[in-house]
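Trainee: I have a new model open and would like to talk it through with you. Shall we look at it together?

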Amino acid sequence: MALGLIGKKVGMTRLFDQESGAMVPVTVIDVKGNTFAQIKTEDKDGYNAIQVAFDAQKESRVAKPQAGHFKKLGIQPTKFLKEFRVEASELPAEGAEDPGVDLFSAGQWVDVIGTSKGKGFQGAMRRHNFHGSPAAHGSMMHRRTGGVGGCSTPGRVWKNQKMPGQMGHKKITIQNLEVVRVDAENNLLLVKGSVPGPKKSLVTIKEAVKAN
């Protein structure tokens, strides 16, 4: 359990290691604008957590319950709210500065959570990598799914059977990505490798759970 940041995926680029000369592909994440919205304590709320707000928004574009929540906290409405469970010792003191890019350091391992690109309704070959049916003349199957139900046993279609349907647009977590560089001046994180989602999509960066 640790505090994380919310950011927007800017895009991918590459860096060169000065020592080895190796090319390192990196994803640039903009984390500017994270603010402490609410501090939850075990005495008051039953658990310790920090609510972080990101990306300022007009009050007229926020639902009334959310607008009342922001008004009660005395902060400007935002598009996104994210809650991070923390230990009691990690709760910020009153008047603490809002979390920034300096929360992470180069060489640290992080988990990045995002929403994958939506591909719409796709067939079984693209969605599940089926090899397809015979392509010769007279087959009339080609890219179709094939048999899904069985005959007398089980006599029905199993749950979770791989079939055509919506592809993508799912919550994806990429674990154990290395922070290659921290640009404090521009509030940018450069993470090795790719992260889910298209450009300008929302991502959450947290300390890696499984890294040694």
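Trainee: Is Thr-204 buried, partly exposed or exposed?
Mentor: Keep in mind that this is a predicted model. Thr-204 lies in strand S11. Its relative accessibility is 8%, and the cut-off for burial is under 20%. Thr-204 therefore counts as buried.

Trainee: Which residues is Thr-204 in contact with, leaving aside its neighbours within four places in sequence?
Mentor: Good follow-up! Contact here means heavy atoms within 4.5 Å. With those neighbours left aside, the partners of Thr-204 are Leu-5, Lys-82, Phe-84, Asp-111, Val-112 and Ile-113.

Trainee: How many bridges join strand S6 to strand S11, and which residue in S11 is the bridge partner of Gly-114?
Mentor: Strand S6 covers residues 109–115 and strand S11 covers residues 202–207. The two run antiparallel, and the number of bridges joining them is 5. As for Gly-114, its bridge partner in S11 is Val-203.

Trainee: What do the strands S1, S2, S10, S9, S6 and S11 form?
Mentor: Follow the order S1-S2-S10-S9-S6-S11, where the pairing is antiparallel. Neighbouring strands of this sheet are turned by 50° against each other on average, direction ignored. Taken in that order, the 6 strands make a closed barrel.

Trainee: How are the rings of Phe-54 and Phe-80 arranged?
Mentor: You'll like this one, as the count comes to 1 aromatic pair. The ring centres of Phe-54 and Phe-80 are 6.4 Å apart and the planes meet at 25°. Planes under 30 degrees apart pass the cut-off, so the pair is stacked.

Trainee: Which strands hold Phe-54 and Phe-80?
Mentor: The pair links distant parts of the chain, 26 residues apart. Phe-54 has 4% relative accessibility and counts as buried, whereas Phe-80, at 27%, counts as partly exposed. Phe-54 is in strand S4 (residues 49–56), and Phe-80 is in strand S5 (residues 78–85).

Trainee: What radius of gyration does the chain have, against that of a compact globule of 212 residues?
Mentor: Let's start from the extents: the C-alpha trace spans about 75 × 50 × 35 Å along its principal axes. Buried residues make up 32% of the 212 residues. A compact globule of 212 residues would come out near 17 Å, but the chain has 23 Å.

Trainee: How many helices and strands does the chain have?
Mentor: Read the elements from the N terminus on: β-β-β-α-β-α-β-β-β-α-β-β-β-β. That gives 3 helices and 11 strands.

How values were computed. Residues are numbered from 1 along each chain as its sequence is written. This is a predicted model: local features need pLDDT of at least 70, side-chain atom pairs count only at pLDDT 80 or more; totals for chains, interfaces and linings use all residues. Side-chain values use heavy atoms; hydrogens and water are left out. Two strands pair if DSSP finds at least two bridges between them. Helices (H or I, at least four residues) and strands (E, at least two) are DSSP runs, numbered from the N terminus. Axes are lines fitted to C-alpha atoms, for helices over the stretch in contact, and angles run from 0 to 180 degrees between N-to-C directions. Buried means under 20% relative accessible area, exposed over 50%, partly exposed in between (1.4 Å probe, protein chains only). The radius of gyration is taken over C-alpha atoms; the globule rule is 2.2 Å times the number of residues to the power 0.38. Rings of Phe, Tyr and Trp (its six-membered ring) pair if their centres lie within 6.5 Å; planes under 30 degrees apart count as stacked, over 60 as edge-to-face and the rest as tilted.
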